[in-house]
Amino acid sequence: MDKKDGGHAFPHGDPTNGGDIGMTLRDYFAAKALAGWWSSSDSMCALPKDKTLPEFQTEACARFYEWADAMLAARSAS
């Protein structure tokens, strides 16, 4: 992936032996954005009439990663 991912969110293992494994901070931030969206009222009932469910899911997930990228940018700016 060519995007800056923030490194590992919860690194563990021996980094000298390729042991830093786990999700990236970017993935973690995107997952948190998804969880917040799911917990908001009516978000699961908001399928636009002009979209199929897979189209809507693809667009929504892209937005969660946009939020994650913004969080990473804000984190590096401080």
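Trainee: Is threonine 24 buried or exposed?
Mentor: Threonine 24 is buried, with a relative accessible area of 15%. Please keep in mind that this is a predicted model.

Trainee: Why does 15% count as buried?
Mentor: Because buried means under 20% relative accessible area, and threonine 24 has 15%.

Trainee: Where does threonine 24 lie, and what does it touch?
Mentor: Threonine 24 is in the segment before H1. Leaving aside residues up to four places away in sequence, it touches Asp5, Gly7, His8 and Ala9. As for proline 11, its C-alpha is 8.9 Å from that of threonine 24, with the two residues 13 apart in sequence.

Trainee: Let us step back. How many helices and strands are there in the protein?
Mentor: The protein has 2 helices and 0 strands.

Trainee: What about H2: how many residues does it have, and how far does it reach?
Mentor: H2 has 25 residues and spans 36 Å from its first C-alpha to its last, close to the 36 Å expected at 1.5 Å a residue.

Trainee: Which residues of H2 are buried, and what do they pack against?
Mentor: Phe56, Ala60, Phe64, Ala68 and Leu72 are buried in H2. The buried residues of H2 pack against H1.

Trainee: Now charges. How many salt bridges does a search of the whole structure find?
Mentor: The search finds 2 salt bridges. In one of them, the side chains of aspartate 69 and arginine 26 meet, at 2.5 Å from N to O. Aspartate 69 belongs to helix H2 (residues 53-77) and arginine 26 to helix H1 (residues 25-39), so this pair ties together parts that are 43 residues apart in sequence.

Trainee: Are those two partners buried or partly exposed?
Mentor: Arginine 26 is buried, at a relative accessible area of 8%, whereas aspartate 69 is partly exposed at 22%.

Trainee: And which residue pairs with lysine 51?
Mentor: Glutamate 59 does, with the closest N and O atoms 3.0 Å apart. Lysine 51 is partly exposed, with a relative accessible area of 26%, and glutamate 59 is also partly exposed, at 33%.

How values were computed
Residues are numbered from 1 along each chain as its sequence is written. This is a predicted model: local features need pLDDT of at least 70, side-chain atom pairs count only at pLDDT 80 or more; totals for chains, interfaces and linings use all residues. Side-chain values use heavy atoms; hydrogens and water are left out. A salt bridge is a side-chain nitrogen of Lys or Arg within 4 Å of a carboxyl oxygen of Asp or Glu. Helices (H or I, at least four residues) and strands (E, at least two) are DSSP runs, numbered from the N terminus. Buried means under 20% relative accessible area, exposed over 50%, partly exposed in between (1.4 Å probe, protein chains only). The expected span of a helix is 1.5 Å times one less than its number of residues. Contact means heavy atoms within 4.5 Å.
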